[in-house]
Amino acid sequence: MRASTILIAEDERTARTSLAGLLEAEGFRVLTAENGTEALSVLLSEEPEAAVLDIRMPGMDGLAVLRRAKEGGSDSALIVMTAHGDSGTAIEAMKLGAFDYVSKPLDFKVLLTQIERAIGQRKLARQLRAAQESAPAPPISNTMVGHSPAMQHVYKLIGQVSTSNATVLVRGESGTGKELVVNAIHHNSARAQGPLIKVNCASIPEALLESELFGHEKGAFTNALYRRIGRFEEANGGTLFLDEIGELAPALQSKLLRALQERVIERLGSNTPIPVDIRLVAATSRDLEAAVNAGSFREDLYYRLNVVAIALPPLRERRQDIPALVQHFINRSEHAVSITSSALTVLCDYHWPGNVRELENVVERALVLARSGVITEDEIQLKTRPEQGDTVWTDFAPLEEGMKANVATLEKALIERALRQTQGNKTRAAEILGVHRRLLYEKIREHGLPE
Ligand SMILES: Nc1ncnc2c1ncn2[C@@H]1O[C@H](COP(=O)(O)OP(=O)(O)OP(=O)(O)O)[C@@H](O)[C@H]1O
Ligand SMILES: [Mg+2]
């Protein structure tokens with residue numbers, strides 16, 4: 001069996017070498033670091049089974065190393081050496097995820113027992129994680145609810161793409177279930193045993209996204225203390241899900257296009273092409289065609305991504321799914337709760353700008369409030385109930401009336417709202433709406449609103 005590797009991070013030379021000697025005599029492979037920066041880099045690149053970290057080191061101290069190692073995904077068992085009686089630091093270290101701490105002066109026997117225990121536990125934790133990851137995923141099909149024709153079409157497409165490796169673009173407003181579709185594609189495909197890696201292009205700062213996706217070599221840029229494997233490589237053999245693809249910056253669009261065409265990537269700071277075997281699924285809630293026309297999204301990339309498109313209709317266009325979704329969310333709660341038909345009607349009539357996610361939130365809130373076990377209208381809190389006398393702009397603007405009439409209706413409603421909000425102060429209302437006061441007066445007259 002391979003000897004376990006242990007890192008000793010200690011700035012005092014004598015202490016460091018004598019501890020290293022003692023551990024080597026016990027049969028361990030020992031690595032040493034004389035400051036925090038070096039310790040962090042060794043932890044992340046060498047992944048030793050365990051490390052003994054001095055708290056007080058010049059530069060980055062032991063706690064900072066601990067925090068950054070955990071952030072960097074290290075699962076080495078970390079033992080911290082604190083000054084005798086410094087319980088504050090010990091507690092802080094445990095909170096940050098240290099395996100244990102020892103106080104100086106060291107009792108080598110005690111330390112040795114701790115190291116052996118730490119290595120044993122880390123091994124156990126790894127085995128548990130591997131077992132969980134290889135456990136079959138729960139069946140996905142029954143977690144997507146709704147039998148409207150639009151959803152049935154979506155299920156059919158998911159089934160069709162599952163058997164291929166085609167790139168898929170999932171579209172739909174926020175909260176329509178795009179992520180559920182991506183999960184279903186992956187878990188129904190031949191890659192189900194492989195990883196499903198998700199990257200949200202909108203939530204990662206542009207400067208970091210490139211290395212997030214493609215990885216980097218040690219020293220590729222300042223602060224690149226260690227090599228980092230990117231998401232493309234992590235997804236090898238599985239599915240890579242790029243969420244909010246419409247937010248991708250132009251430079252990265254080109255790199256992504258190349259990766260898709262050639263199926264190889266290069267880590268930052270390296271010229272070595274690395275082949276990747278992935279299926280790409282992208283999602284967007286934006287109008288990509290408009291972005292292409294406006295020149296902010298590459299047309300060639302758009303076609304590469306749009307091999308198969310799965311479009312999720314907004315919930316207001318498939319209201320027949322609402323009762324089943326409501327029941328689904330109620331069934332998930334531990335308590336037996338029912339819903340009155342008038343409450344259900346309220347839910348079916350609402351226009352759900354936040355789609356299924358909003359419905360889910362509203363039902364969950366109602367479940368908490370429904371102390372008697374019944375959800376009535378009183379328990380249903382919708383964000384934007386139409387105010388009395390307000391013209392409601394719904395997505396059901398009658399198309400037959402044409403653009404001009406519909407825009408006029410909206411215009412009138414906006415002016416009414418602004419006037420109500422400012423208690424009839426036209427100067428303030430014009431400011432809020434960002435129009436000239438004279439134009440506001442004209443519009444008030446035009447729409448026959450009370451002057
Ligand atoms: N058909 C459905 N059946 C059951 N639950 C659904 C369905 N569609 C959506 N949901 C639930 O609604 C919530 C939002 O879904 P999801 O996160 O997939 O939306 P999204 O389209 O990715 O939204 P965003 O664009 O904001 O990321 C989730 O909690 C999801 O479980
Ligand atoms: Mg999403």
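**View 1. Backbone atoms reach the oxygens of ligand 1.** In this predicted model, a polar backbone atom of Gly175 lies 2.8 Å from an oxygen atom of ligand 1. The protein covers 86% of the 630 Å² of accessible area that ligand 1 has on its own. Glu179 also brings a polar backbone atom to an oxygen atom of ligand 1, at 3.0 Å. For Leu180, the distance from a polar backbone atom to a ligand oxygen atom is 3.3 Å.

**View 2. The residues around ligand 1.** The shell holds 17 residues. Those that come nearest are Ser174, Gly175, Lys178, Arg357 and Glu360. By type, six residues of the shell are nonpolar, six are polar and five are charged.

**View 3. Helices that line ligand 1.** Helix 7 spans residues 178–187, helix 13 spans 322–331 and helix 15 spans 355–369. Each of these helices gives the shell around ligand 1 at least two residues.

View 4. Domain 2 (148–311) supplies at least three residues of the shell around ligand 1. Domain 3 (315–379) likewise supplies at least three.

**View 5. The domains of the protein.** The domain assignment lists domain 1 (5–134), domain 2 (148–311), domain 3 (315–379) and domain 4 (399–446). Taken over C-alpha atoms, the centres of domain 3 and domain 4 are 35 Å apart.

How values were computed. Residues are numbered from 1 along each chain as its sequence is written. Chains are lettered from A and ligands numbered from 1 in the order in which they are written. This is a predicted model: local features need pLDDT of at least 70, side-chain atom pairs count only at pLDDT 80 or more; totals for chains, interfaces and linings use all residues. Side-chain values use heavy atoms; hydrogens and water are left out. A residue is near a molecule or strand if one of its heavy atoms lies within 4 Å of it. A polar contact is a pair of N or O atoms within 3.5 Å; within protein, one must be able to donate a hydrogen and the other to accept it, and residues adjacent in sequence count only if both atoms are side-chain atoms. Accessible areas come from the Shrake-Rupley method with a 1.4 Å probe; for residues, only the protein chains shown count as cover. Helices (H or I, at least four residues) and strands (E, at least two) are DSSP runs, numbered from the N terminus. Ala, Val, Leu, Ile, Met, Phe, Trp, Tyr, Cys and Pro count as nonpolar, Asp, Glu, Lys and Arg as charged, and the others, Gly among them, as polar. Domain bounds come from an automatic or database domain assignment.
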